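Student: I am new to this structure and would like a close look at a single part of it. Please keep to the charged side chains and how they pair.

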Amino acid sequence: IAATVAFFDRCFVVKPGKADFRAGIAYNMLVPPYVRLAIAGWKTDPAETVAKLRNVRVPVLISQGRKDTIVLPNAAETAAALMKSARISWYDQCGHSPFSEDAPRFNRELAAFVREATG
């Protein structure tokens, strides 16, 4: 439980309210142990990852918190540089959860992206 609380806490710069934080802990606790083990041991061949990202041809929106300590901002920059169809939306005051930390902006940008990509 302590590890889940610590992980979930690291996901935010702009902390959710107490009720949302508790709900987030609860749904994170529902992740089965075999999934947690798979995530912890997840390894991919960097060359294969680079090749796959270079082959992406669909529009891509990367929403990235500049203060993310889970997936570092450099990962977004690297991915965007490899995908010609990608763009990054930086959230300067957010961590790993811009969809929660700045939900109005995230929802606006995602809706606009979907309209552009499908219109």
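Student: Which residue forms a salt bridge with R66, and how far apart are the closest N and O atoms?

Tutor: The model is a predicted one. In it, the partner of R66 is D92, and the closest N and O atoms of the two lie 2.9 Å apart. This pair links distant parts of the chain, 26 residues apart: D92 sits in the loop between β2 (86-91) and α6, while R66 sits in the loop between β1 (60-65) and α5 (73-82). D92 is partly exposed, because its relative accessibility is 42%. R66 is also partly exposed, with a relative accessibility of 40%.

In general, side chains of opposite charge can pair when their charged atoms come close. The whole structure holds four salt bridges. Another of them joins the side chains of E109 and R105, with an N to O distance of 2.8 Å. Both residues belong to helix α7 (residues 103-118), and because they are four residues apart there, about one helical turn separates them. E109 counts as partly exposed, at 23% relative accessibility.

D9 and K15 also meet through their side chains in a salt bridge, at 3.0 Å from N to O. D9 has a relative accessibility of 35%, so it counts as partly exposed. K15, at 44%, is likewise partly exposed.

K15 comes up again with a residue that has no such bridge. E101 is buried and forms no salt bridge; K15 is its nearest side chain of opposite charge, at a distance of 7.3 Å.

What does the side chain of E101 reach instead? One polar atom of this side chain lies 2.8 Å from the backbone nitrogen of V14. The side chain of E101 also reaches the backbone nitrogen of G95, again at 2.8 Å. E101 itself lies in helix α6, which covers residues 98-101. Setting aside neighbours within four places in sequence, the contacts of E101 include C11, F12 and V13, as well as Q93, C94 and H96. V14 and G95 are on that list of contacts too.

Key
Residues are numbered from 1 along each chain as its sequence is written. This is a predicted model: local features need pLDDT of at least 70, side-chain atom pairs count only at pLDDT 80 or more; totals for chains, interfaces and linings use all residues. Side-chain values use heavy atoms; hydrogens and water are left out. Helices (H or I, at least four residues) and strands (E, at least two) are DSSP runs, numbered from the N terminus. Buried means under 20% relative accessible area, exposed over 50%, partly exposed in between (1.4 Å probe, protein chains only). Lys and Arg count as positive and Asp and Glu as negative; His and the chain ends are not counted. A polar contact is a pair of N or O atoms within 3.5 Å; within protein, one must be able to donate a hydrogen and the other to accept it, and residues adjacent in sequence count only if both atoms are side-chain atoms. Contact means heavy atoms within 4.5 Å.
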